[in-house]
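This report is meant for someone meeting the structure for the first time. It starts with contacts between charged side chains and then turns to the chain as a whole.

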Amino acid sequence: MDQFFDFRWKLGIDGLSLGPVLLTGFITTLATLAAWPVTRDSRLFHFLMLAMYSGQIGSFSSRDLLLFFIMWELELIPVYLLLSMWGGKKRLYSATKFILYTAGGSIFLLMGVLGVGLYGSNEPTLNFETSVNQSYPVALEIIFYIGFLIAFAVKLPILPLHTWLPDTHGEAHYSTCMLLAGILLKMGAYGLIRINMELLPHAHSIFSPWLMVVGTIQIIYAASTSLGQRNLKKRIAYSSVSHMGFILIGIASITDTGLNGAILQIISHGFIGAALFFLAGTSYDRIRLVYLDEMGGVAIPMPKIFTMFSSFSMASLALPGMSGFVAEVLIFYGYKLFNTPNSYVFDSGPRELFVSISIFIPVIGIGMYPDFVLSLSVDKVEGILSNYFYR
């Protein structure tokens, strides 16, 4: 079998995957810290979080197409269990919806991987290095591209396939939400850059205008849907769908600046999305309210959490265009209505402050000095783009 299929355990990191790998480690550490309040089956909970972590690291750093697919699938099972065991009221519905969407997308990913691996030579090759230099007939390349695009459009929710995300995020425990928003969504973007741009450049140059159109529609649509949500977590989830539209536009503009911007946005939204979900969840632990029209006047009993939420919303506002507007409206909405029950609520303890501040520092740092992230990916981006002009 090994002789025939050439399936090796090949791992490697280059400028494109270094950022997401570091981000994954950082967010997972903070998410396990955020999961202190989980008491029911806590050992299983943390085991599943770490299983999720290994799947994410594996898919970010695999240099073999079949290994990439296996890690991509390994990542689904812990998420499903975390959702269906520790979710909210509609947890089974949202977990089933999640697994159907993502597993349905992975079928296309598997077909694409096997097609790319089996095409061409007598011996099937699955490692990236040989696949990058392989050239396909245009029609076949377009078919591969569509397959991979469907698979990644479910993960990085692209407009018609995004409906699992608000349900999943509305129901999951918030430390799971941190991992979902911070890393799971980035796997789709990473796959688009890694496979669709590197392996299939001709098809990408055909499809990229359409991707730009879809990305623009998605930014506007998701930001305006987000304003209509009553559930705080769903509102943040829609705003992250809107952020993903920016990444899509950056990938579709086949330019240096655009691709670097997409990678930077992957990292910055990883921090900000995780922080917003953490603060929403931890304030839910305090006051047991999720709907915004009941949450008025939170700023008075919980000033520290309110301050952190405002600052992250401003970060969300400054980095992309519209979805921060959502967060801003959210804050003013909560600040205006004073119908809060006057019970004494604990403000954030040291653990919450530590998590929030340790996410806040890199957000400010990247905002002040983006070369931290850009210097990682510049050479890789030039390498990817050289295919588009010289071939």
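Arg194 and Asp14 form a salt bridge, their closest N and O atoms lying 2.9 Å apart, where a salt bridge is a side-chain nitrogen of Lys or Arg within 4 Å of a carboxyl oxygen of Asp or Glu. The pair links distant parts of the chain, since Arg194 belongs to helix α10 (residues 174–197) while Asp14 sits in the loop between α1 (2–5) and α2 (15–34), 180 residues apart. Helices here (H or I, at least four residues) and strands (E, at least two) are DSSP runs, numbered from the N terminus. Arg194 and Asp14 are both buried, and buried means under 20% relative accessible area, exposed over 50% and partly exposed in between, with a 1.4 Å probe and protein chains only. Asp14 and Arg194 are also linked with Glu198 and Lys380 in a network of salt bridges.

The model is a predicted one, in which local features need pLDDT of at least 70 and side-chain atom pairs count only at pLDDT 80 or more, whereas totals for chains, interfaces and linings use all residues. Residues are numbered from 1 along each chain as its sequence is written, and side-chain values use heavy atoms, with hydrogens and water left out.

In total, six salt bridges are counted, and the table gives three of them.

| Salt bridge | N to O distance |
|---|---|
| Arg194 and Asp14 | 2.9 Å |
| Asp167 and Lys97 | 2.6 Å |
| Asp167 and Lys234 | 3.7 Å |

Asp167 lies in helix α9 (residues 164–171) and counts as buried because its relative accessibility is 9%. Beyond its neighbours within four places in sequence, Asp167 is in contact (heavy atoms within 4.5 Å) with Lys90, Tyr93, Ser94, Lys97 and Lys234. The side chains of Asp167 and Lys97 meet in a salt bridge; Lys97 is in helix α6 (residues 91–118) and Asp167 in helix α9, so this pair ties together parts that are 70 residues apart in sequence. Lys97 is buried, as is Asp167. Another salt bridge joins the side chains of Asp167 and Lys234, linking helix α9 with helix α12 (residues 232–252) across 67 residues, and Lys234 too is buried.

Helix α2 has 14 of its 20 residues buried, so it is largely enclosed by the rest of the structure.

On the surface, Ile364, Met368, Tyr369 and Phe372 form a nonpolar patch with about 470 Å² of accessible area together. Such patches are made of residues with over 30% relative accessible area and no salt bridge, with like charges joined within 9 Å and nonpolar side chains (Val, Leu, Ile, Met, Phe, Trp, Tyr) within 5 Å. Met368, in helix α16 (residues 350–368), is exposed, with a relative accessible area of 69%.

Taken as a whole, the chain has 17 helices and zero strands, and 58% of its 391 residues count as buried. Among contacts between residues at least 6 apart in sequence, 81% join residues at least 24 apart.

Confidence is given as pLDDT, the predictor's confidence in each residue, from 0 to 100. The chain averages a pLDDT of 81, and 81% of the residues score at least 70. Among the elements of the chain, helix α3 (residues 42–61) has the highest mean pLDDT (93) and helix α15 (residues 323–336) the lowest (44). Over residues 319–343 pLDDT stays under 50, and for these residues the model has 50 contacts beyond four places in sequence.

Methods
Areas by Shrake-Rupley, 256 points an atom, 1.4 Å probe, with all protein chains shown as cover.
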